[in-house]
Amino acid sequence: MAIPGFGEIAEQLRRSTVLVQSGGRGAGSGSGVIWSADGLVVTNAHVVLGSRVKVQLWDGRDFDAAIVSRDTCRDLAELRISAAGLPAAAAADSSKLRPGELAIAIGNPLGFVGALATGVIHGVGPLGGLGRRTWVQADVRLAPGNSGGPLADAHGRVIGINTMVAGGLALAVPSNTVRDFLSAGPENAWLGVTIHPAQIPRAAGSAKRFGLVVLEVEPGSPADLASLLPGDILVGTEEKAFDAVEDLAGTLHGGASRVLRLEFLRGDYSKIRRVAVQLGTASPVRSSVAA
Amino acid sequence: VVEVEPDSPAHKAGVMIGDLLLSFGSHPIAHVEDVHAQLGADNIGKSVTVKFARGGAAQEATIVIGERPRGGN
C-alpha cells in the first residue's frame, strides 16, 4: 500500500480547510474545517460573532453559511453550507495523543490563505489560568486568522481546532470535544447570554470571587425573560458557586425545560441577588450550551 | 468592563466590573476603539465625565485620565 508523502497529506488537509468570514456586527475572519462532505463546517465560536457568515472553499467557491449551533464555552460553532461532495477532513481520537507527536496547522493567518505550520504536541490537558478545559497544546506558530482551522497529526487527521495562543503554545479544542459538541442534542438547555470570565473583588483581605460577566442578552431568551441584564455578573447557582466557565455549561447540560436558580451581582460586589430562570431550547438557531 | 486595575483612574472613579460605558466626554462609545481614541497622550491629566449603565440605570463618574505606569525604574 502506498504511503502518501507529507506534501500530499498537507494538500488534502488544505482542501479541507475553509476561509470563514463573518460580517455585520462582530465582523471578522478566520478558518474552518469541513467536517462532513455534505456541508458541515466546524470553526471557533469567536470567529462567527457577526450576523452574516460566508465560507470560501480551497477552490475559491463562496457559500453563505448558516450557524447551526454556537457554544462560546467550548468556543465552537457548527456551520452548514449548501454543498455536497466536499473534501471532508478525517478526525483522530485526541485522547490518544502523546507529547512529541508531529502536529500540522493549516489556516489563513494574516491574509495568507492555506498557510501551513508544523510543530510537536506538548500535551493534552488543562493549562494553568484557563480553567479546567482540556486543550491540545502544541508548539505550532499560530497567528490571527488561524482560529477555527485544523490542527492535525502526521497523517492529516484532525486532532483539534486551533483557538488561541498562550504561553507561546498553540491551544486547540480537542477533536473529541468537537465530536461531543456536534453530537449534543437539542435537549441541552439554552440561557441566551454571552459571557466573559472575571475575577470579582470582595471585601478587603478576602480572595477574589470568580464570576461570569454578562456581555449580551439575546432578546426573547430565557435570560431576557428573567430580566438578566448586560453587566450582571453570574456567580453560581443556589447549589454551587461557579469557579470556571465550564460550570455554567455544566448547569445547562441536558434537561432543557426546567427552572435554574442563578445567583448574580448587579452594581454591588457584596450583594448577591437571585433569579429563577425558566430554561428552554433555542429556536430557530440553537445554542447548545449558552455562555 | 470586565476588569478594573487596582488604583487605576477607573478604579479611583468608582468604575465597576459589569459597567457598560456609554460615552466618554462628549463622545458616544459604540466600540472598544472609541475608548482607545480618547486615551491619547494629549488627554493625560484631563478630567472626563464618563456615562455608563449599571444595573440598567444610567450613571456618571469623573475620571482623571492617567498615564500608564511603565516597568523598571
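A:L102 is partly exposed, with a relative accessible area of 33%; partly exposed is the range between buried (under 20% relative accessible area) and exposed (over 50%), found with a 1.4 Å probe and protein chains only. This is a predicted model, in which local features need pLDDT of at least 70, side-chain atom pairs count only at pLDDT 80 or more, and totals for chains, interfaces and linings use all residues. Residues are numbered from 1 along each chain as its sequence is written, chains are lettered from A and ligands numbered from 1 in the order in which they are written, and side-chain values use heavy atoms, with hydrogens and water left out.

Together with A:F6 and A:L116, A:L102 makes a nonpolar surface patch of about 220 Å². Patches are made of residues with over 30% relative accessible area and no salt bridge, with like charges joined within 9 Å and nonpolar side chains (Val, Leu, Ile, Met, Phe, Trp, Tyr) within 5 Å. A salt bridge here is a side-chain nitrogen of Lys or Arg within 4 Å of a carboxyl oxygen of Asp or Glu. The areas come from the Shrake-Rupley method with a 1.4 Å probe; for residues, only the protein chains shown count as cover.

## Strands side by side in chain A

A:L102 sits in strand β7 (residues 102-107) of chain A. Strands (E, at least two residues) and helices (H or I, at least four) are DSSP runs, numbered from the N terminus. Six bridges tie β7(A) to strand β8 (residues 115-125) of chain A, and the two run antiparallel; strands pair if DSSP finds at least two bridges between them. A:L116 in β8(A) is the bridge partner of A:I106.

Follow β8(A) onward and you meet strand β9 (residues 135-138) of chain A, joined to β8(A) by four bridges, again antiparallel. Here A:G125 has A:W135 in β9(A) as its bridge partner.

## Inside chain A

Chain A has four helices and 18 strands, and 53% of its 291 residues count as buried. Helix α4 (residues 245-252) of chain A has six of its eight residues buried, so it is largely enclosed by the rest of the structure. Among the buried ones are A:V245, A:L248 and A:L252.

Now look at A:N44, in the loop between β3 (40-43) and β4 (52-56) of chain A. A:N44 is buried, with a relative accessible area of 0%. Its side chain reaches the backbone nitrogen of A:G148 at 2.7 Å. Not counting residues up to four places away in sequence, A:N44 touches residues including A:D75, A:S147, A:I161 and A:V173, where contact means heavy atoms within 4.5 Å.

Chain B has an open sheet of four strands in the order β2-β1-β3-β4, with antiparallel pairing. Its edge strands are β2 (27-28) and β4 (57-64) of chain B, each pairing on one side only. Eight bridges join strand β3 (residues 47-54) of chain B to β4(B), and B:S47 stands opposite B:V64 in β4(B).

B:G55 lies in the loop between β3 and β4 of chain B and counts as partly exposed, at 34% relative accessibility. Which residues does B:G55 contact, leaving aside its neighbours within four places in sequence? They are A:L229 and A:R266.

Methods. Polar contact = N/O pair within 3.5 Å; in protein donor to acceptor, adjacent residues only side chain to side chain.
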